[in-house]
Every structure is written in structure tokens, then in C-alpha cells.
Amino acid sequence: MAQDRRGEDYVTPIRRLLIGLLCLALALTFLVWRIDSPRVERFRAAVIDKVVPSFDWAMAPVTGLANLVADFQSYAQLAEQNQELRRELQRMRAWREAALQLDQENAKLRDLNNVRLDPELTHVTGVVLADSGGPFRQSVLLNVGARDGILDGWPAMDGIGLVGRISGVGQTTARVILLTDASSRIPVVIQPSGQRAVLTGDNTINPALDFIEDADVVRPGDRVVTAGDGGLFPPDLLVGQVALGTDRRLRARLAADYERLEFLRVLRSPETEQITDPGALIVPVVPEDTIPEPDVPDPTVPEALMEELAGGTNG
């Protein structure tokens, strides 16, 4: 215990002496650094030239740490700029998608405008609201209806060819039965041979061509247009081209793009004349009470005639 106390008695004064000398040196350095004199300035420059280069090794960690902090700040700025560029790129992609959709819609509308139709045929353009295609029914729903003057049976086209006909009209919507529907039957003409046929839907993308008058003169690639028979559709509306199916049946490769039905043009077909007068080909119906009774021969006439003949013979 005594030795520890004697050691503490020596350490304390030495510590105080060193602290005093350090404070004195710092005070002298401060005074020297603050004295405004050319001689002192030259002395300071000489001290800096001697001391500072020899402390490069000591300043290396500090310099590295400062560079690391600067690099981290630069990395943080780069990360923030990267996030901002990503957000900007996402917004640009959204605008690009919107521009592509508008461009496609404009192209479809331009295609609709390029379709050459009979000048007497007017049309109403509708947007496809829903596609109810299924294994047993092929149809789409349009946003035009009775308020737009739509009637059952009117044909509907896309930008190229015939799509189907109106079958069911609501106040603001109308349903279009596609040519591929199993209940669709329309008369067509195959050009240039002029053969007539019936386009029969069978729920496939290529409807069949039935009841062809002379199938030998029909070739794949021939043009198929509406015949206009019966006033169902206007004549010469493009349907598609003749193709030979895998079942060796003649089918129609439809010109309409059924994969992207967005806008349809409903043609206002001219009203067909309805015949209500049977004319002279059918015997008019006569009420039974006005039918005259047929003349019945008198059974006594032959007997009187025989008697007269007999009397003449006797005379």
C-alpha cells in the first residue's frame, strides 16, 4: 500500500508538469500564429514546410475518411437520381402505352374511313363493349342501340370486311352475331367465277361455304362478297377469301380482324319492300256463305226426252 502511495505521489506532479508544458506550447504556438510580422510569417512558412509534409502518413486516414464521406454523399445523390429516372421512365412508359393505344385506335378509325361503300349506305360507328364469345355462341356488344336508330338485321363491319349482323337491340346497346356463330347463314358470291353459296358459321374462325353450285370452278384465294339475296345484306360487301380447310371443305378466310374488334361500323341498310298483296297468282279467299250452289240436273229430263223420242219413232 505504501509503494502505491509513493507511485501516485510521483505520477501526479509529472502529469501536472506535462499538462502545463502542453498548455504553454499551445499558447506560444497561438501567439506565434497570430503575430502579424514578416519575420514571424517567414518562420511560420518554414515550420509548415518542415512539419506538414512529414505528416502525410498521419493525414492519409483523415483524407481517406473525407473521400469516403464525399463518395457516400455522391452515391446517395446518384441513388436518388436513379430513383427519379426510374419514376420518369415509368411515367414515360405509361405515356408511350397511351400513345400506342391512341395510334391503334386512330389507325382503326382511318381504316373505317377508307372502306369504300355504296354512297346510299350510311353508317353508325360503335365501340365494342364486351365479347361474349364461347363454344356455342359468337357475338359482341356495341354501345349503340335504338336511340341511334339501330335495327335488327343491319350488317356490321370493321375497317376491312363484314363482321356480322345486328341481332337484338336495346335502348343504348346492340348485339352483333358474328359470321362465325353457328346460327349465322348469309348468301355470298364467289368472284370471279360468280358462283353463289351460303356462308355457314360453325364456331370456327373460318366459316364453311355450303351449297356451291359448281365447286370445280372455285379456287382458293377467290374473293367472297355478299350476294344481297333476299335483302338481308347489301351486295358486294367484302367477306374474305376462299380457303381449303383441313377437312377438305371450302371455307372463307374472313377479311375482318376478329382478334382486335374495337370499333364496328353498322350500316343502315335500305328498307326492303314487303309484299302484302298476294296478287293474281293466288286465288282469293271467298266466304262460304257467298259461294253459289252448283246446278243439279233434273232427273225427269232424260225420261221426258226418251218419251218424246219414243213418240216420234212411233209416228
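Trainee: Which residues make the nonpolar surface patch of about 900 Å²?
Mentor: Ile 14, Leu 17, Leu 18, Leu 21, Leu 24, Leu 28, Phe 30, Leu 31 and Ile 35. Keep in mind that this is a predicted model.

Trainee: Take Leu 17. Where is its place?
Mentor: Leu 17 sits in helix 1, which covers residues 2-34.

Trainee: And does Leu 17 count as buried or exposed?
Mentor: Exposed, because its relative accessibility is 53% and the cut-off for exposed is over 50%.

Trainee: Zooming out, how many helices and strands does the chain have?
Mentor: Four helices and 12 strands.

Trainee: What's the accessible surface of the chain?
Mentor: About 22,900 Å². Carbon and sulfur atoms account for 58% of that surface.

Trainee: How much of the chain is buried residues?
Mentor: They make up 24% of its 315 residues.

Trainee: Now the inside. How many residues are in the largest nonpolar core?
Mentor: It has 38 residues. Leu 209 and Leu 264 have the most contacts inside that core.

Trainee: What does Leu 209 touch, leaving out residues up to four places away in sequence?
Mentor: Val 188, Ile 190, Val 198, Leu 199, Val 224, Val 242, Leu 250, Arg 251 and Ala 252.

Trainee: Where is Ser 184?
Mentor: In the loop between strand 5 and strand 6. Ser 183 lies in that loop too. Strand 5 is 174-178 and strand 6 is 185-191.

Trainee: So why does Ser 184 count as buried?
Mentor: Because its relative accessible area is 2%, and buried means under 20%.

Trainee: And Ser 183?
Mentor: Partly exposed, because its relative accessible area is 45%, between the 20% and 50% cut-offs.

Trainee: Which side chain makes a polar contact with Ser 183?
Mentor: The side chain of Asp 181, at 2.4 Å.

Trainee: What does Ser 183 touch beyond four places away in sequence?
Mentor: Arg 165 and Ile 177.

Trainee: How far are the C-alpha atoms of Ser 183 and Arg 137 from each other?
Mentor: They are separated by 8.3 Å, with the residues 46 apart along the chain.

Trainee: Last one. Among contacts between residues at least 6 apart in sequence, how many join residues at least 24 apart?
Mentor: In this chain, 55% of them.

Definitions and conventions
Residues are numbered from 1 along each chain as its sequence is written. This is a predicted model: local features need pLDDT of at least 70, side-chain atom pairs count only at pLDDT 80 or more; totals for chains, interfaces and linings use all residues. Side-chain values use heavy atoms; hydrogens and water are left out. Helices (H or I, at least four residues) and strands (E, at least two) are DSSP runs, numbered from the N terminus. Buried means under 20% relative accessible area, exposed over 50%, partly exposed in between (1.4 Å probe, protein chains only). Contact means heavy atoms within 4.5 Å. A polar contact is a pair of N or O atoms within 3.5 Å; within protein, one must be able to donate a hydrogen and the other to accept it, and residues adjacent in sequence count only if both atoms are side-chain atoms. A nonpolar core is a set of buried Ala, Val, Leu, Ile, Met, Phe, Trp, Tyr and Cys residues joined through side-chain atoms within 4.5 Å. Patches are made of residues with over 30% relative accessible area and no salt bridge: like charges are joined within 9 Å, nonpolar side chains (Val, Leu, Ile, Met, Phe, Trp, Tyr) within 5 Å. Accessible areas come from the Shrake-Rupley method with a 1.4 Å probe; for residues, only the protein chains shown count as cover. A salt bridge is a side-chain nitrogen of Lys or Arg within 4 Å of a carboxyl oxygen of Asp or Glu.
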